[in-house]
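I'm opening my notebook on this one and writing down what I look up as I go.

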Amino acid sequence: METLLFSGADWLSVTENNGYGLLPIPHPRDDKIKALILRWIALDAASRQQTAGAIKEDQRFTLLAYSERMASRAVREKNAELVFLGLLALGLDGWRNDWRDNAALLCLHYDAAQKVGAQPDAAFARAADLLSEKVATALRGFLRRTSEDKSLDAMGYEEGRDDDGFRYRRTW
């Protein structure tokens, strides 16, 4: 049953993904998470809400790592769709727990959208249309911030590189 998408995805737990955030980009795990998110998108609104409500706290951290990775990958591949997928990944859990972990990543997707020539407002709106009202409100609110408050620096990130190319790096 599709509504068990996340509750049946034990492979998404943080214990199964230790160190995932720092692995080379791309990685096979990225594609597996992308496939899960695409299946979630295809659900009707009620099923999306029910399914997202089943995301466990330890799965949330893997989704956050995926989100961070997709911002970097979007810039590397000049692919705005990865910005959208990254925004979905950081909002799927409905920000039920400590929302600050999620909100800190918004600057990456805003910056990545600009770098790939996409309109950040459009990417954020598209994701907001699928996510919970709490997250949608936060996405829209982020867009109203000053440029300084949307910057990488304000959220503790900077542009960097690894062996494979562009990569956002934490400064904290």
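Before I start on touching residues, I note the rule: two residues are in contact when heavy atoms of theirs lie within 4.5 Å. I also keep in mind that this is a predicted model.

**Entry: D30**

I looked up D30 and found it in helix α1. Is D30 buried or exposed? The cut-off for buried is under 20% relative accessible area. D30 has 1% relative accessibility, so it counts as buried. Then I listed what D30 touches, skipping residues up to four places away in sequence: Y20, Y66, R69, M70 and R73.

**Entry: helix α1**

Next I checked the length of α1, which runs over residues 28-41. Its 14 residues, at 1.5 Å a residue, should span 20 Å, and the end C-alpha atoms are 20 Å apart, so the two agree. Which residues of α1 are buried? I wrote down R29, D30, I33, L36, I37 and W40. These cover an arc of only 130° around the axis, so they sit on the same side of α1. A reminder to myself: an α-helix has 3.6 residues a turn, so residues three or four places apart point the same way. As for what covers the buried residues of α1, the list includes α2 (45-52), α3 (57-77) and α4.

**Entry: the segment before α1**

L5 is in the segment before α1, and it is buried, with a relative accessible area of 5%. What does L5 contact, leaving aside neighbours within four places in sequence? I got L36, R39, W40, L43 and T51. Two of those, L36 and W40, I already had among the buried residues of α1. I also compared L5 with A54: they are 49 residues apart along the chain, and their C-alpha atoms are separated by 8.5 Å.

L23 is in the segment before α1 too. It comes out as partly exposed, with a relative accessible area of 30%. Not counting residues up to four places away in sequence, L23 touches R69 and R167. R69 was also on my list for D30. L23 and R69 are 46 residues apart in sequence, and 9.2 Å apart in space, C-alpha to C-alpha.

The peptide bond from I25 to P26 is cis, with omega near 0°.

**Entry: two positive phi values**

K78 isn't a glycine, yet it has a positive phi of about 50°. It sits in the loop between α3 and α4. W95 is likewise a residue other than glycine with a positive phi, near 55°, and its place is in the loop between α4 and α5. W95, at 3% relative accessibility, counts as buried.

**Entry: helix α7**

I moved on to α7, residues 120-128, and found P120, A123, F124, A127 and A128 buried. Seen down the axis of α7, they fall within an arc of 135°, so they line one face of the helix. What do the buried residues of α7 pack against? They pack against α4 (80-91), α6 (106-115) and α8 (133-143).

The largest pocket has a volume of about 550 Å³. I counted 26 residues in its lining, with F61, L64, A65, E68 and R170 nearest the centre. The elements giving two or more residues to this lining are α3, α5 (99-103) and β2 (165-170). Which element gives the most? That's α3, with seven residues. By class, the lining has twelve nonpolar, seven polar and seven charged residues.

The second largest pocket holds about 220 Å³ of space. Its lining has 15 residues, and R48, Q49, A52, L131 and S132 lie nearest its centre. Here α2 gives the largest share, four residues. By class I noted six nonpolar, five polar and four charged residues.

Methods:
Residues are numbered from 1 along each chain as its sequence is written. This is a predicted model: local features need pLDDT of at least 70, side-chain atom pairs count only at pLDDT 80 or more; totals for chains, interfaces and linings use all residues. Side-chain values use heavy atoms; hydrogens and water are left out. Buried means under 20% relative accessible area, exposed over 50%, partly exposed in between (1.4 Å probe, protein chains only). The arc is that of the directions from the helix axis to the C-beta atoms. The expected span of a helix is 1.5 Å times one less than its number of residues. On a 1 Å grid over the protein atoms alone, a cavity is a set of points where a 1.4 Å probe fits but cannot get out, and a pocket is an open set with protein on both sides within 12 Å along at least five of seven lines; lining residues have an atom within 4 Å of a point. Grid points are joined across faces, edges and corners, and a volume is the space filled by probe spheres set on the points. Ala, Val, Leu, Ile, Met, Phe, Trp, Tyr, Cys and Pro count as nonpolar, Asp, Glu, Lys and Arg as charged, and the others, Gly among them, as polar.
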